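Hello,

Here is the structure we talked about. Please have a look, then read my notes below.

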2 protein chains.
Amino acid sequence: MAFDRLIEKIAELQNPTVAGLDPRLEFIPAFIREKAFARYGKTPDGAAAAILEFNKGIIDALCPVVPAVKPQCAFYEMYGWQGMKALHDTIAYAKAKGMFVITDGKRNDIGSTMAAYAAAHLGKTDVGGEKFEAFGADALTVNGYLGSDGVTPLLSVCRERGRGIFILVKTSNPSSDELQNRPFKGGETLYEAMGRFCEEWGKSLPGKHGYSGVGAVVGATWPDQLRELRRALPRTFFLVPGYGAQGGTADDAAPAFDKNGLGAVVNASRSILCAWQKRGAPQEDYAKCAREEAVRMRGEIMKRLGEIRLETV
Amino acid sequence: MAFDRLIEKIAELQNPTVAGLDPRLEFIPAFIREKAFARYGKTPDGAAAAILEFNKGIIDALCPVVPAVKPQCAFYEMYGWQGMKALHDTIAYAKAKGMFVITDGKRNDIGSTMAAYAAAHLGKTDVGGEKFEAFGADALTVNGYLGSDGVTPLLSVCRERGRGIFILVKTSNPSSDELQNRPFKGGETLYEAMGRFCEEWGKSLPGKHGYSGVGAVVGATWPDQLRELRRALPRTFFLVPGYGAQGGTADDAAPAFDKNGLGAVVNASRSILCAWQKRGAPQEDYAKCAREEAVRMRGEIMKRLGEIRLETV
């Protein structure tokens, strides 16, 4: 239930990180792209085939050491429905390899429309009595600007199917302060209010390791806010973007964790997917380089945490 | 540019409304569903085929009287990539019939990820030098919680391709007051701040009828806020949901318009799509009933507005 499976996987692998699968075509080695283009042309089908093969190589290389992957919807949607098929197939492949899958969709709407997104990404869709998983992730990122009407439709699906959501609280980008950091009358900022809602919404999805099924996205680029939110939101698991390419370091991410080294999963996308390019390695070594970078990142973070200990509450 | 084409279409048809295409299977007449299931089974392909045929019937019936359609992504995404293909084909069909298409995706992210969403829905995607439209809408709804980093990547695509965006400002749902109505220090509420940003972001996308390419979503369920925002945001075009099934009336929506009867487009989804069910009409008459309901809605709103007059600024 909730994020229990993610937390157990993190403890098992002693690795609180997630690899972002943002497979822009320019990140993909030419030998993969060209094979796909030769078969399908320079078409959405060609792009989708290249993305899927690239992702499979990354997943094969990472699954023994990294607990989770986070495909970013935008990079699949931009290749049309063919890209969305690659998203589906990527999720299915990662799950078959035992990885926890967080779909980064930042979806938001209200009532029955939000229930449709819940079905799309975390639940099952009914077609004339037959049920199938449209995309089938374990967790979904969500934007909470619309309030409880946008979140409660997800909670019942999460409860039934043991899924989780991560609500945007304090995002990693520079302009996140334009609205998120502004204090309301009384002093609470918008991101603090959103965090408080996460803690509240999470009460209906308790997990056995102390964290609920309603997590929060808090950027590694804001270590002070991470520290403060970790204290204020004891039951809220954090998804921490902004590590690596966006400038966040292992020191910056460290305040996201509790005394047992739990409570957060740190995302890196480009630094892992493009490790082969950064090192000037042969393109055929892209997956090996991704794994080496993931192992290096784990080492960097685990140096701060020491050991990750599971406490069942 | 901006919303000029939408505004001109509204003036031409003297109809400031948009039909929401939220094609849940239970809204679709049995004869369409059964034909699709007979051919493709009770599968995502079957659902997608039924949705597309239903939408085409609705579009054929509405295009002489309604200027725009607004497909809601969630109801396509829930049928997987097959549903997304139906979304693509629906958009292409509506555009071929001359309708303005607003994709209701409430997408949000930052930097190059938001640029990927911009390419997906409003721009073109590059595959090895070949360019194609992934979904190809005229406008997209956007959630602005992440600040300018989440909006500026859209502005350049809107400028290049004559597209527009609608930012969520004051949403139609009851719990929109949980965060959106809270006053910051100094007294400005969150929704007022978001509205002010729309006006600001819109400066870079001026239109020839006085409205920029950055619009705002403001619910018909909040007539006082509509009136106040119409005054405060003279260049911001409004997309007004909440009419009909959510309880908003023509009187409630009236404050969204300026003295020329411009400045807003009012959405109705269920009341149009399900008109045949509500009237107990034969299922074969679903498109005719949808058109009659759209004409009735136009009459109801135009009674308040009198005439819609174009003023070129």
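**Helix packing and the chain contact**

In chain B, the axes of helix α3 (residues 44-62) and helix α13 (residues 286-305) come within 8 Å and cross at roughly 45°. Axes are lines fitted to C-alpha atoms, for helices over the stretch in contact, with angles from 0 to 180 degrees between N-to-C directions. Helices are DSSP runs of H or I, at least four residues, and strands are runs of E, at least two, numbered from the N terminus. That angle makes α3(B) oblique to α13(B) (under 35 degrees is roughly parallel, over 145 roughly antiparallel, 65 to 115 roughly perpendicular, the rest oblique).

This is a predicted model: local features need pLDDT of at least 70, side-chain atom pairs count only at pLDDT 80 or more, and totals for chains, interfaces and linings use all residues. Residues are numbered from 1 along each chain as its sequence is written, with chains lettered from A and ligands numbered from 1 in the order in which they are written.

Now the two chains. A rotation of 180° with 0.0 Å of shift along its axis puts chain B on chain A, RMSD 0.0 Å (least squares on C-alpha atoms of residues with pLDDT of at least 70 in both). The two copies are thus related as by a two-fold rotation axis. B:Phe184 comes closest to that axis of the residues of chain B, at 1.9 Å (C-alpha).

The contact takes 56 residues from chain B and 56 residues from chain A (C-beta atoms, placed from the backbone, within 7 Å). On the chain B side, α6(B) gives the most, with six residues.

Best wishes

Definitions and conventions:
Two residues are in contact if their C-beta atoms, placed from the backbone, lie within 7 Å.
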